[in-house]
Every structure is written in C-alpha cells, then in structure tokens.
Amino acid sequence: MSEVGVQIPTAFDPFAEANAEDSGAGSKEYVHVRTQQRNGRKSLTTVQGLKKEFSYNKILKDLKKEFCCNGTVVQDPELGQVIQLQGDQRKNVSTFLVQAGIVKKEQIKIHGF
C-alpha cells in the first residue's frame, strides 16, 4: 500500500494566544478591573495587577472615600493582593488610577458585561 499524506488535525486551543500574550517576555503588566455579579442587583468590582510597591490599603482608603463605597483587600494565592469594592465601579476606578498616576491608560483592561 502506498502512504497517503494525511494530516490529523490537532486539538484547537482557543485560549492559546491569550496565554501566550500573558506569559510573553517583555509583555505589559496589565491592571485588570472586573465586575462580578452577586445576588440580585448587587455587584462587586475587583482590581488586580497593581505593582507590589504600592500600598494597597492607602489606595483602597482613597477609593472608598472618593466613591462612597465599602471595600477590602483580599490575599489570593494565585493572584496576590486584590482590591474589592462594592458596586460597579469599573469606570470610576480606571479614571482614578490614571489621574492618580498609578498606572497609564494603556495598562488598564476593563472586563465585565
């Protein structure tokens, strides 16, 4: 029998380029601002990816005072320290971080619905 050049398709990974983007050398350090739906109309805004040299508690204190909401700093084993705020504060947090000079506008990624 003759050999026929048949290619067997490999498994397609839809997240391959996203993982490669995150793990690439010299890639930007992004600050991720997400919203999570709780129960009913309640939601939670999380901020992760800030540099370690910043005082998370001081940033949280200013955010709480600026937006009149409650919040906390949570220690996550995978993500490190994460700031959580009550309500949908995605746009407010991103403008605050840019105006305070903590991050540049290009480094912020806003996630959510």
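Trainee: Which residues line the largest cavity?

Mentor: Bear in mind that this is a predicted model, where local features need pLDDT of at least 70, side-chain atom pairs count only at pLDDT 80 or more, and totals for chains, interfaces and linings use all residues. Residues are numbered from 1 along each chain as its sequence is written, and side-chain values use heavy atoms, with hydrogens and water left out. On a 1 Å grid over the protein atoms alone, a cavity is a set of points where a 1.4 Å probe fits but cannot get out, and lining residues have an atom within 4 Å of a point. Here the lining is Glu29, Val31, Gly49, Lys51, Val103 and Gln107.

Trainee: Okay, and how much space lies in that largest cavity?

Mentor: A volume is the space filled by probe spheres set on the grid points, which are joined across faces, edges and corners. For the largest cavity, that comes to about 50 Å³.

Trainee: Which residues form the aromatic pair?

Mentor: A search of the whole structure turns up one such pair; ring centres of Phe, Tyr or Trp (its six-membered ring) must lie within 6.5 Å, and planes over 60 degrees apart count as edge-to-face. This pair is edge-to-face, at 6.1 Å centre to centre with 75° between the planes, and its members are Phe67 and Phe96.

Trainee: Is Phe96 buried or exposed?

Mentor: Buried means under 20% relative accessible area and exposed over 50%, with partly exposed in between (1.4 Å probe, protein chains only). Phe96 has 15% relative accessibility, so Phe96 counts as buried.

Notes:
1 Å grid on protein atoms, 1.4 Å probe; cavity = no way out; pocket = protein on both sides within 12 Å on 5 of 7 lines; lining within 4 Å. Phe/Tyr/Trp six-rings, centres within 6.5 Å; stacked < 30°, edge-to-face > 60°.
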